[in-house]
Amino acid sequence: MLSVEEALEQILSRVHRLGTERTDLLACLGRVLAEPSVAAGDIPPWPNSSMDGYAVRSSDTRGATPERPTELSVVGTIPAGLVAARPLERDEAFRIFTGAPLPEGADSVVPQEEVETLGERIRVRRFVQPGVFVRPLGEDIRAGETALEPGKVIGPAEVGLLATLGQSRPLVFRRPRVAILSTGDEVVDLGTPLGPGKIRNSNTYALMAQVLEAGAEPVNVGLAPDRREAIEEQLRWGLAADALISSAGVSVGEYDFVREALTRLGAEQHLWKVSMRPGKPITFGSVGDRPIFGLPGNPVSAMVTFELFVRPALRKMAGHSALHRPMLRARALAPIPNPGGRRGYLRVRLTADRQGYGARLTGDQGSAIVTSMVAADGLAVVPPDSTIPPGGEVTVILLKPLPPHDGA
Ligand code: AMP
Ligand code: MG
């Protein structure tokens, strides 16, 4: 039996980053930048006011006190979006608004609350330090500076920065298109009545959601009955995508045709017994440079093997360097048993308290119990044949945002 690490290493060594494309700025969210983002000019491009007030020369206010204020004559107004018609001269002020460029000759801004207005003149009652309430040229980014390095994951702040730099179509790595096929004579799709002995196809939908959440693009290639030709036909469609996932029919039962169909399509494949629970054997292979994952049919096993093996592979294809979910150490709030000789990936709910996080099993760990996935914040990694006692520490792979502290 392979360890999870060995299986993952083999998968990642055979999976490669996809090519690049230019795309609309908002469509870059969650994707990986493929070029350095270099500022063509300074941001901001000129010194500007951070207050509504008056642009002045600091030197004109030297010696100003509440008793002996300095008087300046207001010679014009600079709203945001306009530039002063002329430089500021001695003993003058410009009315200025937030974001407006400082006029030449001015070096500071007095907030409007701090001056007394007398018609076309203002009185300033204290010394105004040079530079106050002025945002200097290039304070955010200097011309020629690399604002974002390639490999950066684009979040909302990066979208804002790219917009600031005027880069409307950044170069990013392609999102893998991932074909998903479910197989099984007993499986019926949504919208079709369930007959006797039939169950709903949940794997297609859960896997498509996982693909989407991993930052890739799911393509539903449907449902195939347990017949080699039908599976082969649908897998052929799936091979148009960048990666392929099928669920069920990968064991060695009499109705398990996925491997045979893949062989006929020329796929190089490995059937692995991975030392983990849940998770029956998984198949990994490839046609050309397209990875193919044959996941188990049980819904929880399919989701957990996706998390451990498929998600990191898809993230590598999309250009990410952080391939794995965050993990944390939690304390068992009740015993977390893992009988049997395989490493356990057990569904746990987390609660926050003064000492950190506590973990508790979500209930029965059967691999067909989908509600236990719904309840789970993460997967506790428990060594074979062992039990984490109450108060004992366990590593938890986080599947969801951390629950908040209760304020205690
Ligand atoms: P198999 O890997 O074909 O032996 O299937 C294992 C278990 O997963 C069986 O109980 C199947 O009924 C169930 N199963 C297979 N495919 C799906 C699916 N698409 N949605 C929900 N359950 C499934
Ligand atoms: Mg089956």
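Predicted model: local features only at pLDDT ≥ 70, side-chain atom pairs only at ≥ 80, totals over all residues.
Residues are numbered from 1 along each chain as its sequence is written, chains are lettered from A and ligands numbered from 1 in the order in which they are written, and side-chain values use heavy atoms, with hydrogens and water left out.

Helix H3 (residues 203-213) packs with helix H6 at an angle of about 30 degrees, their axes lying 10 Å apart; the axes are lines fitted to C-alpha atoms, for helices over the stretch in contact, and the angles run from 0 to 180 degrees between N-to-C directions. H3 is therefore roughly parallel to H6, given that angles under 35 degrees count as roughly parallel, over 145 as roughly antiparallel, 65 to 115 as roughly perpendicular and the rest as oblique. From H3, the residues Asn203, Ala206, Leu207, Gln210 and Val211 meet Pro299, Ala302, Met303, Phe306, Glu307 and Leu314 of H6, contact being defined as heavy atoms within 4.5 Å. By class, the residues of this contact of H3 with H6 divide into 8 nonpolar, 2 polar and 1 charged, where Ala, Val, Leu, Ile, Met, Phe, Trp, Tyr, Cys and Pro count as nonpolar, Asp, Glu, Lys and Arg as charged, and the others, Gly among them, as polar.

Helix H1 (residues 4-13) also packs with H6, at an angle of about 30 degrees and with the axes 10 Å apart, which means that H1 is roughly parallel to H6. Val4, Ala7, Leu8, Ile11 and Leu12 of H1 make this contact with Leu308, Phe309, Pro312, Ala313 and Lys316 of H6, and the contact of H1 with H6 has 9 nonpolar, no polar and 1 charged residues.

The structure also holds 2 aromatic pairs, a pair being rings of Phe, Tyr and Trp (its six-membered ring) with centres within 6.5 Å, where planes under 30 degrees apart count as stacked, over 60 as edge-to-face and the rest as tilted. The rings of tryptophan 272 and phenylalanine 284 are stacked, because their centres are 5.8 Å apart and their planes stand at 20 degrees. Since tryptophan 272 lies in strand S18 (residues 268-272) and phenylalanine 284 in strand S20 (residues 282-287), this pair ties together parts that are 12 residues apart in sequence. Phenylalanine 284 forms a tilted pair with phenylalanine 293, at 5.3 Å centre to centre and 50 degrees between the planes, and ring pairs thus link Trp272, Phe284 and Phe293 into a cluster.

Threonine 283, found in strand S20, is buried with a relative accessible area of 1%. Leaving aside its neighbours within four places in sequence, threonine 283 is in contact with residues including Val250, Arg259, His270 and Phe293.

Methods:
Helix = DSSP H or I, 4+ residues; strand = E, 2+ residues; numbered from the N terminus. Buried < 20%, exposed > 50% of the residue type's maximum accessible area, 1.4 Å probe, protein only.
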